[in-house]
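Please look over the sequence and the 3D structure shown below.

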Amino acid sequence: MAALYPFMKQLVTSGSYDTGGSDGGKEKHKVNLLSSSERYYIANEVLTRLEAVNTDLFILAWQVRTLSWNDLWFSLDPEGWANVMSGKNIIGGIVADWNRGFSFN
């Protein structure tokens with residue numbers, strides 16, 4: 001995200017971007033396909049989406065640090081967690097029946 005900022009700043013403020021030339025110098029390429037308001041809109045949209053990604057990563061990092069393995073698994077994949085818990089209940093029932101002994105009468 002930080003590496004994208006200088007490039008986006010150049011595009012939004014001037015409508016051009018710098019590249020390394022073949023002689024080692026910098027070349028400026030003009031990109032004047034959009035008006036300044038359109039460039040601002042695109043930059044704002046990129047910023048909004050990057051902030052959403054940053055927020056999601058922050059929340060995920062917090063969950064990893066604070067939740068137990070079971071709680072983390074439930075929050076990331078509730079359907080998979082439910083399938084495993086259902087399987088554990090079925091197995092527990094079979095083991096309980098086995099320990100009590102089967103009655104075929």
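## Report on the structure

Two salt bridges are present in the structure. The term salt bridge is used for a side-chain nitrogen of Lys or Arg within 4 Å of a carboxyl oxygen of Asp or Glu. This is a predicted model, in which local features need pLDDT of at least 70 and side-chain atom pairs count only at pLDDT 80 or more, while totals for chains, interfaces and linings use all residues. Residues are numbered from 1 along each chain as its sequence is written, and side-chain values use heavy atoms, with hydrogens and water left out.

**Salt bridges**

Side chains of opposite charge can pair when their charged atoms come close.

| Salt bridge | N to O distance |
|---|---|
| R49 and E45 | 3.1 Å |
| R100 and D97 | 2.4 Å |

R49 and E45 are four residues apart in helix 2, so about one helical turn separates them. R100 and D97 are three residues apart in helix 4, and about one helical turn lies between them as well. Helices here are DSSP runs of H or I with at least four residues, strands are runs of E with at least two, and both are numbered from the N terminus.

How open to the surroundings are these side chains? Residues are called buried under 20% relative accessible area, exposed over 50%, and partly exposed in between, using a 1.4 Å probe and protein chains only.

**The fold**

The protein has four helices and two strands. Along the sequence they follow the pattern α-β-β-α-α-α. Of the 105 residues, 10% count as buried. The accessible surface comes to about 8,700 Å², and 62% of it belongs to carbon and sulfur atoms. Such areas come from the Shrake-Rupley method with a 1.4 Å probe, and for residues only the protein chains shown count as cover. Among contacts between residues at least 6 apart in sequence, 25% join residues at least 24 apart. A contact means heavy atoms within 4.5 Å.

**Helix contacts**

How do helix 2 and helix 3 lie against each other? The axes of helix 2 (residues 36-66) and helix 3 (residues 69-76) come within 8 Å and cross at roughly 150°. The two helices are therefore roughly antiparallel. On the side of helix 2 the contact is made by L60, Q63 and V64, and on the side of helix 3 by L72, S75 and L76. Axes are lines fitted to C-alpha atoms, for helices over the stretch in contact, and angles run from 0 to 180 degrees between N-to-C directions. Angles under 35 degrees count as roughly parallel, over 145 as roughly antiparallel, 65 to 115 as roughly perpendicular and the rest as oblique.

Helix 3 also meets helix 4 (residues 78-100), with axes that come within 5 Å and cross at roughly 125°. These helices are therefore oblique to each other. Here N70, W73, F74, S75 and L76 of helix 3 meet P78, G80, W81, V84 and M85 of helix 4.

Is Q63 buried or exposed? Q63 belongs to helix 2 and is buried, with a relative accessible area of 17%. Leaving out residues up to four places away in sequence, Q63 touches L72, S75 and L76. L76 lies in helix 3 and counts as exposed because its relative accessibility is 52%. The C-alpha atoms of L76 and Q63 are 9.6 Å apart, although 13 residues separate them along the chain.

**A nonpolar patch**

V53, L57, L60, V64 and L76 make a nonpolar surface patch of about 440 Å². Patches are made of residues with over 30% relative accessible area and no salt bridge, where like charges are joined within 9 Å and nonpolar side chains (Val, Leu, Ile, Met, Phe, Trp, Tyr) within 5 Å. Helix 2 gives the most to the patch, with four residues. One of the patch residues, V53, is in helix 2 and is partly exposed at 41% relative accessible area.
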